Amino acid sequence: MSIQYRLLKSLLLVSVFLFSSCEKGLDSIHVESIVYIPNSGLTSQTVLLGESVYKLGVYKSGVNQQTSTVKVNLEVDQEAFAKFLTSNPGYELLPTANYDIEATEVAIGEGQERADLNIRLTNITEAFVNKKYVLPIGIRSVSSDVKINADKKVAFLYFARFRSAYECKYKVFGQVTDQAGNFVKKVDEVLIPSSVAANIIDVTGPETAMKLRLTVQNNKVMIAGAPGSEAFNIQPNPAKGESTYAGAFDVSYQANKGTFKLFYSYVFGGKPYNAAVDLSFTL
């Protein structure tokens, strides 16, 4: 048996011993379970017009806990909200007509670190953001042998603005040509529009500081310049094609999943141009 072989065998035995010791060491470590809300404190939220579901994550930390499943009871914490108002005047409690929580208890199973509280938001209109509405969700109680992180037990959900179902991420691809049909530039980017109303969004155009206003009516799209983009003289271009939208609301994404096909003209640097662009839903 060579010296090299004996040395390799010895190293292997030492490694196995150390690994076994580490495993036994980890098994003997116990870190208590602590439940908390990562998005605690005041956070700004964007709420979908109409009805939607907001998922508030509740987390559990710890190592080798004795409790297999941790049950967490939550509530609309009006006492915490009253204290919040003393240093944050001007906010209002979200009216009960605008939300519904069917189950206030969530269970974090063995081997899991998170469970979601489902908050159904309802009757959200375009006038919703004229109020500084807050929904305070706090941890009321947990399973025995589990602690609550007192610094992360209440989430103040501030619904700062609404969004339409058309406000999501889009992959933009198309081209700009001159009046003679010559290629000028490629349009290839990813964007997220801003909502104006339930059927109206503003999107960036192919030129710096250009914004288009898109109004969807029965799957047809009306194109105009958004406020501040009047100098571009953005107009529909039916000679090149009809601007349309095809898609439907996707519950899992809480947004419309579809594609805009846009045909429009504009003026830049004193010259007229034509644009043909697709905006396709993307993740």
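## Lining of the largest cavity

In this predicted model, the strands β13 (183–191), β15 (200–204), β20 (255–268) and β21 (271–281) each contribute at least two residues to the lining of the largest cavity, where strands are DSSP runs of E with at least two residues, helices are runs of H or I with at least four, and both are numbered from the N terminus. The largest share of that lining, three residues, is supplied by β13. A cavity here is a set of points, on a 1 Å grid over the protein atoms alone, where a 1.4 Å probe fits but cannot get out, and lining residues have an atom within 4 Å of a point.

The structure holds one cavity of 30 Å³ or more, and the space in the largest cavity is about 80 Å³, a volume being the space filled by probe spheres set on grid points that are joined across faces, edges and corners. Its lining comprises 13 residues, and those nearest its centre are Val172, Thr204, Tyr264, Val277 and Leu279. By class, 10 of the lining residues are nonpolar, two are polar and one is charged, with Ala, Val, Leu, Ile, Met, Phe, Trp, Tyr, Cys and Pro counted as nonpolar, Asp, Glu, Lys and Arg as charged, and the others, Gly among them, as polar.

## The chain and its confidence

The protein chain contains two helices and 21 strands, and 39% of its 283 residues count as buried, meaning under 20% relative accessible area, with exposed set at over 50% and partly exposed in between (1.4 Å probe, protein chains only). Among contacts (heavy atoms within 4.5 Å) with a separation of 6 or more, 63% join residues 24 or more positions apart.

The mean pLDDT, the predictor's confidence in each residue from 0 to 100, is 89, and 87% of residues reach 70 or more. Over residues 16–26, however, the pLDDT is below 50, and this stretch has one contact beyond near neighbours in sequence. Where pLDDT is low, the predicted coordinates should not be read in detail.

## Glycine 247

Glycine 247 lies in strand β19 (residues 244–250) and counts as partly exposed because its relative accessibility is 43%. Leaving aside residues up to four places away in sequence, glycine 247 touches Lys257 and Gly258. The C-alpha atoms of glycine 247 and lysine 257, which are 10 residues apart along the chain, are separated by 5.4 Å.

## Basis of the values

Residues are numbered from 1 along each chain as its sequence is written, and side-chain values use heavy atoms, with hydrogens and water left out. In this predicted model, local features need pLDDT of at least 70 and side-chain atom pairs count only at pLDDT 80 or more, whereas totals for chains, interfaces and linings use all residues.

Conventions:
1 Å grid on protein atoms, 1.4 Å probe; cavity = no way out; pocket = protein on both sides within 12 Å on 5 of 7 lines; lining within 4 Å.
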